[in-house]
Amino acid sequence: MVELKRPTRNRGFYVKMRFLQCKHGRQQEIRTLCYRFLWFSLSFYFFASFLITHKPTTSLSKTTVSLSNPILASRALFESINTTSLQQSRTHQGPFNNLKVYIYDLPSKYNRDWLSNERCSTHLFASEVAIHRAMLNSDVRTMNPNEADFFFVPVYVSCNFSTVNGFPAIGHARSLLASAVQLISAELPFWNRSQGFDHVFVASHDYGACFHAMEDVAVADGIPEFLKNSIILQTFGVKYHHPCQDVENVVIPPYIPPESVRSTLDKSPVSSRRDIFAFFRGKMEVHPKNISGRFYSKRVRTKILQKYGGDRRFYLKRHRFAGYQSEIVRSVFCLCPLGWAPWSPRLVESVVLGCVPVIIADGIRLPFSSAVSWPEISLTVAENDVDKLGPILEQVAATNLTAIQRNLWDPDVRRALLFHDQMREGDATWQVLGALAEKLNRSHRKSRDSSE
């Protein structure tokens, strides 16, 4: 039996145990149980004391974190016990490292007035319009310029269509851009404080920030002096030195209306039967030297026509056809030779419609290489090897075509090359913002915060 005696008022709590006489085996068993009871009581006492005297920290107030360095911030939050604060911080930073972009509200003559021509927002140079629209509705946009990392200057320079040939005429681009820079630098302090280092422009024409369709003239004119410190989003890009990319830049894809792609794929999915082996529709001159004395496409397209014009494996057409996307979606290989400039809208159209792009443009720098693994979804043929196109394509078709098509038909790849008025996760504007987030060291705000 265990006898419990009530403690006296002055002596505190105690327990007195007395073991009664019993058989030796029974006495040993009771003694063992008592030892276990005492061990448990002492363990519970020390554990309770630890909890009372060592309360967990639930605040980040004692942790010094420099938010100008997101790596340090993330590490400090991760090592904190406060899981809720960690989740809130990650949500706040978002996929673009808490990037903030201020968009100048320029007078309508710089952008909105040009939209009276519907082609302005649908032709192959229309990324300048699409990026502007998507950023206006993006979560990265800030209405407070004092907290902005970058400043977007929305000037549409490719919407002035020539009445002679219907192509964009950009002779006014330099004066229009200069006027916009003069305006923002006179009315707000942000351009002058960084000399334009954190300002972003779009140059979606043939030779980017040189603003001329002919390479020799573009090179001679060069990049306007007032843009040389800024960031240019441009379709033009090469891997070798070129005066028209001697500026901080991001290579972007040409604009293809997503609605037209969706309509085509609704009728013929990318995995449907493809009865055209090699396809090209576009300008192919029998005698490529034009009135200016220049050779269009460096004669590449002419050589293709001369070599394979009578080859039944090659579906080559020189005339325009509004429904040509229906031909792309039927094709296995789509030829993407250079024009005046290395890049071509066919690069995007081929990828999004599931046709293996055959890139014939020496030294071209392709858009969004971090999101689009171009070597795994395309072929590259040197300009001097176009007369060997037939054997090259036959070899690929007999070996690794299936693997290339499997990579090409990944929806994420198609998504990365298309712009939308409302930005979508992973789309072309999303990729642009990701590229800007990697350039946060150029931000005046980031530089200022890190020095504090």
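Here are some questions and answers about a predicted model.

Me: How many cavities of 30 Å³ or more are there, by the rule used here?
Reply: A cavity is a space where a 1.4 Å probe fits but cannot get out. Spaces of 30 Å³ or more are counted. The count comes to two.

Me: Which residues lie closest to the centre of the largest cavity?
Reply: The largest cavity holds about 100 Å³ of space. Its lining has 13 residues. The closest to the centre are Glu 215, Tyr 240, Lys 298, Leu 338 and Pro 342.

Me: How many charged residues are in the lining of the largest cavity?
Reply: Asp, Glu, Lys and Arg count as charged. The lining also has eight nonpolar residues and one polar residue. The charged residues number four.

Me: How many nonpolar residues line the second largest cavity?
Reply: This cavity holds about 60 Å³ of space. Its lining includes Val 251, Ile 252, Trp 343 and Leu 366. By class, two residues are polar and one is charged. The nonpolar ones number nine.

Me: Which strands are the edge strands of the open sheet of five strands?
Reply: The strand order is 7-6-8-9-10, with parallel pairing. An edge strand pairs on one side only.

Me: How many bridges join strand 6 to strand 7?
Reply: Strand 6 covers residues 276-281 and runs parallel to strand 7. Phe 279 stands opposite Tyr 315. Phe 280 has Leu 316 as its bridge partner. The bridges joining the two strands number four.

Me: Which residue of strand 8 stands opposite Ile 276?
Reply: Strand 6 also pairs with strand 8, in the parallel sense. Three bridges link these two strands. Opposite Ile 276 stands Ser 331.

Me: Why is strand 6 described as largely enclosed by the rest of the structure?
Reply: A residue is buried when its relative accessible area is under 20%. Strand 6 has six residues. It is largely enclosed because the number of them that are buried is six.

Me: How many of the ten residues of helix 16 are buried?
Reply: Helix 16 spans residues 428-437. Its buried residues include Ala 428, Gln 431, Leu 433 and Leu 436. They pack against several elements, among them helix 4 (127-136), strand 3 (199-203) and helix 15 (411-416). Helix 16 is largely enclosed by the rest of the structure, so look at its buried count: eight.

Me: Is Val 217 buried, partly exposed or exposed?
Reply: Val 217 sits in helix 7 (residues 215-221). Leaving out residues up to four places away in sequence, it touches His 212 and Arg 294. Buried means under 20%, and exposed means over 50%. At 26% relative accessible area, Val 217 is partly exposed.

Me: Is Ser 121 buried or exposed?
Reply: Ser 121 lies in the loop between strand 1 (101-103) and helix 4. Beyond its neighbours within four places in sequence, its contacts are Leu 115, Ala 126, Val 129, Arg 133 and Tyr 255. The cut-off for buried is under 20% relative accessible area. Ser 121 has 18%, so it counts as buried.

Terms used: Residues are numbered from 1 along each chain as its sequence is written. This is a predicted model: local features need pLDDT of at least 70, side-chain atom pairs count only at pLDDT 80 or more; totals for chains, interfaces and linings use all residues. Side-chain values use heavy atoms; hydrogens and water are left out. On a 1 Å grid over the protein atoms alone, a cavity is a set of points where a 1.4 Å probe fits but cannot get out, and a pocket is an open set with protein on both sides within 12 Å along at least five of seven lines; lining residues have an atom within 4 Å of a point. Grid points are joined across faces, edges and corners, and a volume is the space filled by probe spheres set on the points. Two strands pair if DSSP finds at least two bridges between them. Buried means under 20% relative accessible area, exposed over 50%, partly exposed in between (1.4 Å probe, protein chains only). Contact means heavy atoms within 4.5 Å.
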